[in-house]
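Here is my note on this model, point by point. Please read it with the structure open.

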Amino acid sequence: MSKPRILVARAIFPDIVDRLREHFDVEANTDDVIWTPQELAARLADKDGVLTTGSQRIDAALLAAAPRLKVCANMAVGYNNFDVDAMTAAGVQGTNTPDVLTETTADFGFALLMATARRMTESEHYLRAGKWTKWSYDMFAGSDIHGSTLGIIGMGRIGQGIAKRGAHGFGMKVVYHNRSRLSAELEAECKATYVGKDELLRIADHVVLVVPYTPASHHTIGAAELALMKPTATLVNIARGGIVDDAALAVALRERRIAAAGLDVFEGEPSVHPDLLTVPNVVLTPHIASATVPTRRAMANLAADNLIAFFDGRGPLTPVNQPATLR
Ligand code: 8YV
């Protein structure tokens with residue numbers, strides 16, 4: 001019997017592609033070309049499965065052009081690149097990579113918060129530019145992390161990881177907002193108190209966004225929300241581009257309506273709003289919150305294992321939908 005045909009849509013660890021070759025007839029994007037939706041559809045026309053990253057859109061048009069496609073394994077916990085309703089209607093299984101990146105991403109969220117509040121990149125640029133000629137009492141004075149109030153919007157696994165780091169490691173008072181309230185046990189573990197979104201924005205010294213992207217969470221933070229925040233506050237977005245109105249944020253940063261922002265994700269990335277590139281009080285990183293070698297390997301391995309388990313007939317390990325009948 002011939003092996004199922006798989007497309008690995010972006011370059012990933014070569015040994016993990018080799019592992020997939022033991023099970024599948026694999027076409028791999030070894031040169032890491034960024035395909036247009038039409039090019040992706042053409043390559044999927046004869047494929048049974050695909051390993052995607054967050055940058056390939058799987059929607060009704062693509063599914064119509066790929067009639068054999070049965071499973072899409074995303075190498076990411078977020079899957080807003082999937083039109084899940086269209087996939088479910090077409091009988092196509094989707095999977096993601098939860099859990100394996102939780103702690104690494106929470107580490108990064110905390111690192112970005114600290115770098116932002118303590119003005120680490122801004123001061124490094126100053127030093128590298130040869131501008132450091134004398135010490136002064138207020139040079140790059142930022143805001144404290146320890147003992148401050150941390151507001152987390154989106155209290156899933158990563159949000160909980162950040163809450164624990166803040167509460168247990170830095171003695172922060174943690175408040176959170178989420179679609180649903182955590183159990184009393186989880187709230188106690190995270191030492192976190194549930195509040196409304198506006199209250200969180202008003203009282204937090206540092207706001208971290210970890211909410212998944214959906215049409216409902218588009219521009220969770222815009223001009224009106226930024227206006228509620230303290231002028232001394234820090235905003236960190238490690239969630240998705242589009243959760244923050246980047247244009248409104250650039251204005252708020254330039255006018256010092258909030259003190260600083262740390263952004264790992266952007267609307268329309270890899271493009272970055274030009275005004276964010278010219279304000280000094282923002283730390284910018286290129287969507288690397290999960291980027292450690294062990295974690296990226298674990299993500300790629302879990303995506304591969306999802307494909308293997310699906311075609312073995314064991315069922316996907318970490319499904320994102322449950323089509324009533326599969327293609
Ligand atoms: C990925 C992410 O690196 O898992 C996610 O949702 O945002 C990142 O960990 C990125 O989406 C590439 O797949």
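1. Start with the cover over helix 2. Strand 1, strand 3 and helix 3 (60-65) are among the elements that cover its buried residues. Contact here means heavy atoms within 4.5 Å. Helices (H or I, at least four residues) and strands (E, at least two) are DSSP runs, numbered from the N terminus. The model is predicted: local features need pLDDT of at least 70, side-chain atom pairs count only at pLDDT 80 or more, and totals for chains, interfaces and linings use all residues. Residues are numbered from 1 along each chain as its sequence is written, and side-chain values use heavy atoms, with hydrogens and water left out.

2. Which residues of helix 2 are buried? They are Leu40, Ala41 and Leu44. Seen down the axis of helix 2, the buried residues fall within an arc of 100°, so they line one face of the helix. The arc is that of the directions from the helix axis to the C-beta atoms. Gln38 and Ala42 are exposed, on the face turned away from the buried side. Buried means under 20% relative accessible area, exposed over 50%, and partly exposed in between (1.4 Å probe, protein chains only).

3. Helix 2 (residues 37-44) lies across strand 1, strand 2 and strand 3 (49-52). It runs at about 155° to strand 1. Axes are lines fitted to C-alpha atoms, for helices over the stretch in contact, and angles run from 0 to 180 degrees between N-to-C directions.

4. Five strands form an open sheet, in the order 2-1-3-4-5, with parallel pairing. Strand 2 (25-28) and strand 5 (93-95) each have a single partner strand, so one side of each is left without a neighbour in the sheet. Neighbouring strands are turned by 15° against each other on average, direction ignored. Two strands pair if DSSP finds at least two bridges between them. Strand 1 (residues 5-8) is joined to strand 2 by four bridges. Val8 stands opposite Ala28 in strand 2.

5. Helix 13 (residues 293-312) also deserves a look. It lies across strand 1, strand 3, strand 4 (71-74) and strand 5, at about 160° to strand 4.

6. Check the aromatics. The structure holds five aromatic pairs. The rings of Phe310 and Phe311 have centres 5.1 Å apart and planes at 90°, so this pair is edge-to-face. Rings of Phe, Tyr and Trp (its six-membered ring) pair if their centres lie within 6.5 Å; planes under 30 degrees apart count as stacked, over 60 as edge-to-face and the rest as tilted. Phe310 is buried at 12% relative accessible area. Phe311 is partly exposed at 24%.

7. A second open sheet has seven strands, ordered 8-7-6-9-10-11-12, with parallel pairing. Strand 8 (192-194) and strand 12 (282-284) stand at its edges. The twist averages 20° from one strand to the next. Helix 11 (residues 246-254) lies across strand 10, strand 11 and strand 12.

8. Look also at the backbone. A cis peptide bond joins Glu269 and Pro270, with omega about 15°. Pro270 lies in the loop between strand 11 and helix 12 (274-278). Asp32 is not a glycine, yet has a positive phi of about 55°. Asp32 is found in the loop between strand 2 and helix 2.
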